[in-house]
Amino acid sequence: MSAFDINKIRSEFPILCTLVHKQPLIYFDNGATSQKPLRVINRTQQLMAFENSNIHRGVHFLSDQMTQQYELARINVQKFINAEFSEEIIFTSGATESINLVAFSFSQKFLHKDEEIIVSVMEHHANIVPWQMACERVGARLRAVPVLDDGSLDMKAYERMFNDKTKLVAITHASNVLATMNPAKKLVEVAHANDVVVLIDGSQSIQHGTIDVKDMDADFFVFSGHKVYGPTGIGVLYGKKAWLDRLPVWKTGGDMVDKVSFEKTTFNALPLKFEAGTSNYIGAIGLSEALSFLTDTGLECISAHEKTLSAALLNTLLEFPEVQIIGNTSDRVPLVSFNIKGAHFYDAGMILDKMGIAVRTGTHCAQPLMARFGIEGSIRASLALYNTKDEISVLKEKLKKVITMLA
């Protein structure tokens with residue numbers, strides 16, 4: 001696509017024609033999950049209706065064709081994030097499973113009693129709990145990088161946290177509450193200077209711009225398909241080949257085995273080593289189609305459009321003295337979390353829903369961050385490439401009514 005045509009983009013997403021409570025849908029919950037373009041919907045339907053067959057195990061035509069498409073999807077993901085090898089791409093059920101895989105396998109072999117793992121206060125629960133459990137299994141310690149008042153990581157504190165017991169850093173690339181875009185490359189540089197492994201959670205960054213894992217140099221990078229216009233139930237673990245080779249297997253079953261006897265089982269080479277059982281091949285190919293959609297649309301065009309929208313959303317909310325915005329960093333992804341003084345976030349979210357506007361309300365699976373800012377939860381409006389300034393203008397008018405009713 002030569003230019004960013006918002007009308008053409010929106011025509012790709014049939015759900016945007018939906019009426020909610022007799023109002024045109026305005027979907028501002030993209031941080032939770034994105035909507036799906038027709039080419040992803042049609043591709044997955046085609047696969048299920050006319051091409052379906054289990055992969056890797058059959059010599060017949062359908063199995064061979066589906067296997068080829070599955071492995072081509074892996075190559076497409078490799079190219080999208082600029083990984084060096086296709087076998088560095090492991091298909092999982094989502095970012096949560098990807099993190100759990102690394103947490104279990106790494107701790108099984110490389111984490112010991114009294115050693116330390118670093119996360120941050122702004123993490124999603126999915127990037128806290130697996131590491132907590134890993135630490136509990138071996139008697140290690142979990143430490144959290146503080147968050148400053150503006151919503152940025154305390155980088156000075158981060159640099160001071162390393163010692164000879166530090167084994168791994170797991171930090172989000174972008175906060176799903178604060179919108180903060182963390183300096184992933186700098187985080188990796190500091191950790192590697194201390195011989196520490198790094199996992200970056202890209203769940204909130206993969207959909208908003210170019211990701212280059214070779215330039216970032218993270219040892220692991222994870223994301224979910226459903227947040228990047230793909231199907232649910234599919235995700236990616238990128239890992240440097242040297243690390244994936246060293247990690248012990250996590251789940252066992254079909255596809256990931258080489259030879260099985262009652263005396264001994266040997267395991268397959270990468271990437272199948274970590275893909276036990278029947279893979280979600282429909283989801284993987286659907287994810288590949290979603291990434292091709294983004295590439296064809298133009299990542300730079302998408303990023304520019306979303307930055308314009310993000311600025312408009314922030315400026316709109318700043319017009320209301322009753323609105324308290326959480327997080328104020330300049331380098332951010334297109335979402336804003338806020339509260340209305342004197343109103344409960346759930347009440348505000350329910351009223352907005354009656355007006356056709358979908359926002360997220362609650363803790364956003366980030367309870368430690370809520371505690372850091374002294375709040376119980378918030379309203380979150382998160383944007384995507386199909387959102388418009390007109391929708392933000394509608395939000396402004398509806399917020400006036402919500403504030404009148406509740407504040």
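Trainee: Where does Lys22 lie?
Mentor: Lys22 sits in the loop between strand 1 (19-20) and strand 2 (23-24). Strands here are DSSP runs of E with at least two residues, helices are runs of H or I with at least four, and both are numbered from the N terminus. Before we go on: this is a predicted model, where local features need pLDDT of at least 70 and side-chain atom pairs count only at pLDDT 80 or more, while totals for chains, interfaces and linings use all residues. Residues are numbered from 1 along each chain as its sequence is written, and side-chain values use heavy atoms, with hydrogens and water left out.

Trainee: Why is Lys22 called exposed?
Mentor: Its relative accessibility is 77%. Exposed means over 50% relative accessible area, buried means under 20%, and partly exposed is in between (1.4 Å probe, protein chains only). So Lys22 counts as exposed.

Trainee: What makes the backbone of Lys22 worth a look?
Mentor: Lys22 has a positive phi of about 70°, although it isn't a glycine. Most residues other than glycine have a negative phi. Cys365 also has a positive phi, about 55°, and isn't a glycine either. Cys365 lies in the loop between strand 16 (360-362) and helix 13 (367-372).

Trainee: And what makes Cys365 partly exposed?
Mentor: Its relative accessible area is 36%, so it gets the partly exposed label. Cys301, at 30%, is partly exposed too. Cys135, at 4%, is buried.

Trainee: How many disulfides are there, and how do you know?
Mentor: A disulfide is a pair of cysteine sulfur atoms within 2.5 Å. By that rule the count is zero.

Trainee: Which peptide bond is cis, and how do you know?
Mentor: The one from Leu270 to Pro271, with omega near 0°. Most peptide bonds are trans. Pro271 is in the loop between strand 12 (265-267) and helix 10 (281-297).

Trainee: How do you know whether helix 2 spans what you'd expect?
Mentor: The expected span is 1.5 Å times one less than the number of residues. Helix 2 (residues 38-51) has 14 residues and reaches 18 Å from its first C-alpha to its last, close to the 20 Å expected.

Trainee: Where do the buried residues of helix 2 fall, seen down its axis?
Mentor: Those residues are Val40, Arg43, Thr44, Leu47 and Glu51. Seen down the axis, they fall within an arc of 100°, so they line one face of helix 2. The arc is that of the directions from the helix axis to the C-beta atoms. An α-helix has 3.6 residues a turn, so residues three or four places apart point the same way. On the other side of helix 2, Ala49 and Phe50 are exposed.

Trainee: Which helices do the buried residues of helix 2 pack against?
Mentor: Helix 3 (61-81) and helix 10. Contact means heavy atoms within 4.5 Å.

Trainee: What makes strand 4 an edge strand?
Mentor: Start with the sheet: seven strands, open, in the order 4-10-9-8-7-5-6, with mixed pairing. Strand 4 (89-92) and strand 6 (141-145) each pair on one side only, and they are the edge strands. Two strands pair if DSSP finds at least two bridges between them. Strand 4 and strand 10 (residues 235-239) have four, in the antiparallel sense, with Phe91 opposite Val236.

Trainee: At what angle does helix 3 run to strand 4?
Mentor: About 115°, and helix 3 lies across strand 4, strand 9 (220-224) and strand 10. Axes are lines fitted to C-alpha atoms, for helices over the stretch in contact, and angles run from 0 to 180 degrees between N-to-C directions. Helix 4 runs at about 150° to strand 9.

Trainee: What is the strand order in the four-stranded sheet, and how does it pair?
Mentor: That open sheet has the order 13-14-17-16 with antiparallel pairing. Strand 13 (323-326) and strand 16 are its edges, since each pairs on one side only. Four bridges join strand 14 (residues 335-340) to strand 17 (residues 378-382), and Leu335 stands opposite Ser382. Helix 12 (residues 345-354) lies across strand 14, strand 16 and strand 17, at about 160° to strand 16.
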